[in-house]
Structure formats: structure tokens, C-alpha cells
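Work through the exercises below with the sequence and coordinates open. Each task is followed by a stepwise solution.

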Amino acid sequence: MSIGTALNLLRDEFPEVTISKIRFLESEGLVEPVRTPSGYRKFSPEDVERLAQVLRMQRDHYLPLKVIREHLVAVERGEAAVPSVPERRQPGDGDSAGTGGRTVALVGRSELLAAAQVEESELAEWESYGLLAPASGGGYPRECVEVAKLLAALGGLGIEPRHLRAMKGSADREALLVDQLVGALRRHRNPKTRAAAEERTKELARLTVELHAALVQVALKVRLP
């Protein structure tokens, strides 16, 4: 089938996938469609299913393409390969000033661009305004994929990165408040205390997000007829 037909089949499950994304995955060696004498790509049903597997592992596990490629090769060899989210320790992990032994899942720059389906120029602009930044150990927290998607969506509606600096500052202040409340417990030596602190952190994060959304809705009702 043509690349357009393959795209339509994938969009049932992955509505944001594009022809550029399929070509990118091909260039990375994740799929190898046959070529006609005139150079057109022809995808088999197996090629489409392979692409779907790659997209699922990116979407559900935020796996780097290198790990996905190794997993697929292992499956083809009949080996038991279970993909897992790669984790890297940040500086200070395991000491009192670090994250208490926690690991942070990171994605590379190319993986971030591919997963969010954004261009290098867009990411560079967001970074210039402080909206996104790599972790100190290299790579980006996997949550940056969703941030990039939201930034791209807002950009499509006319909201430029410079308009969002205040929002980023507000998010940083909220994160600082949460850390002041539970930061010490998250670095506690007792695993149960750290686990309880993580749950508290998630709940505080959820409530602050809901409060922010509610405040925006109230402000809009007040200002707009």
C-alpha cells in the first residue's frame, strides 16, 4: 500500500501521526518499506503493524528509538524482550541533598521532537523563553513531550512563547510550594515515607492544576460577556 494508505490506517489509533513522522521512523531504521522502480514506498500490512508497535512504545512508555529498535530486533530473533522506560540518575541521587534515590526517566532531543511531532526550530524557541529545558544530566523529563504538544497546540491558536513566560513562572512557584511541603519527606531514608510523600506530591499537583483551570474559567466569565 502507499504511504498515504498506511497513514490512514495508523490514524485510527494515532490521530496525530503524519507522513513526515513515518518518513522519520523509516530514516531511523524502524521500518523498511519496499521501493518501486520509480522510487515510491510500498508498505505491507506487517510494516503498518510494526509502525503501530513503535508508536505505541513511544506513546505509552516514552522509549527512545534505540531501545525500541533493539526490542523489535530481539522479537524478530525469538528472544523475550520486554521494553522498559530508560531511567537515569540525576546528580545528587542517593544523598540527603538529592532525590532520595529516585530515578528520572529521560528522553533524548530527537525522541522528544519525534514524539511531540514538532520541529527543531520550535523547540529551540521554547527553550529560549525558558518554557522547556533539558535536565542537568542530559535529556528531557518525559513529561516534556506533553508540554511540547500543548505549546504547539497553543501556537497554532496564535499564542506565542513570549506570552507564556508568566505561566511558566507560576508553575515554577507552585512546584516550589509543593517541594517546601513534601520535599524533605521525599528524601527520607524510609521507603514507606518516600512512597507516601510521592502520593502526596501527586495529589498536590493535581489540585493545583485543577485550581489553575478553575481560576482561568472564573476570570474568563468575569471579563467576557
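**Exercise 1. Determine how the lining of the second largest pocket divides into nonpolar, polar and charged residues, and locate the pocket.**

Solution.
1. The lining divides into 7 nonpolar, 2 polar and 6 charged residues. Here Ala, Val, Leu, Ile, Met, Phe, Trp, Tyr, Cys and Pro count as nonpolar, Asp, Glu, Lys and Arg as charged, and the others, Gly among them, as polar.
2. A pocket is an open set of points on a 1 Å grid over the protein atoms alone, where a 1.4 Å probe fits, with protein on both sides within 12 Å along at least five of seven lines; lining residues have an atom within 4 Å of a point.
3. The volume of the second largest pocket is about 260 Å³, taken as the space filled by probe spheres set on points joined across faces, edges and corners.
4. Of its 15 lining residues, Phe 14, Glu 16, Arg 59, Ala 115 and Lys 149 are the closest to the centre.
5. At least two lining residues come from each of α3 (45-61) and α7 (144-156).

The model is predicted: local features need pLDDT of at least 70, side-chain atom pairs count only at pLDDT 80 or more, and totals for chains, interfaces and linings use all residues. Residues are numbered from 1 along each chain as its sequence is written, and side-chain values use heavy atoms, leaving out hydrogens and water.

**Exercise 2. State how many helices and strands the protein chain has, and give their order.**

Solution.
1. The chain has 9 helices and 5 strands; these are DSSP runs (helices H or I, at least four residues; strands E, at least two), numbered from the N terminus.
2. Along the sequence the pattern is α-α-β-β-α-α-β-β-α-α-β-α-α-α.

**Exercise 3. Find which residues have the most contacts inside the largest nonpolar core.**

Solution.
1. A nonpolar core joins buried Ala, Val, Leu, Ile, Met, Phe, Trp, Tyr and Cys residues through side-chain atoms within 4.5 Å; buried means under 20% relative accessible area, exposed over 50%, partly exposed in between (1.4 Å probe, protein chains only).
2. The largest core has 21 residues, and Leu 10, Ile 22 and Ile 68 have the most contacts inside it.
3. α1 (3-11), α2 (19-27), α3 and α4 (65-76) each supply at least two of its residues, with the largest share, 6 residues, from α3.
4. A second, separate core of 16 residues includes Leu 113, Tyr 140, Ala 148 and Leu 164.

**Exercise 4. Is Arg 187 buried, partly exposed or exposed?**

Solution.
1. Arg 187 lies in the loop between α8 (165-186) and α9 (191-223).
2. Arg 187 is partly exposed because its relative accessible area is 32%.
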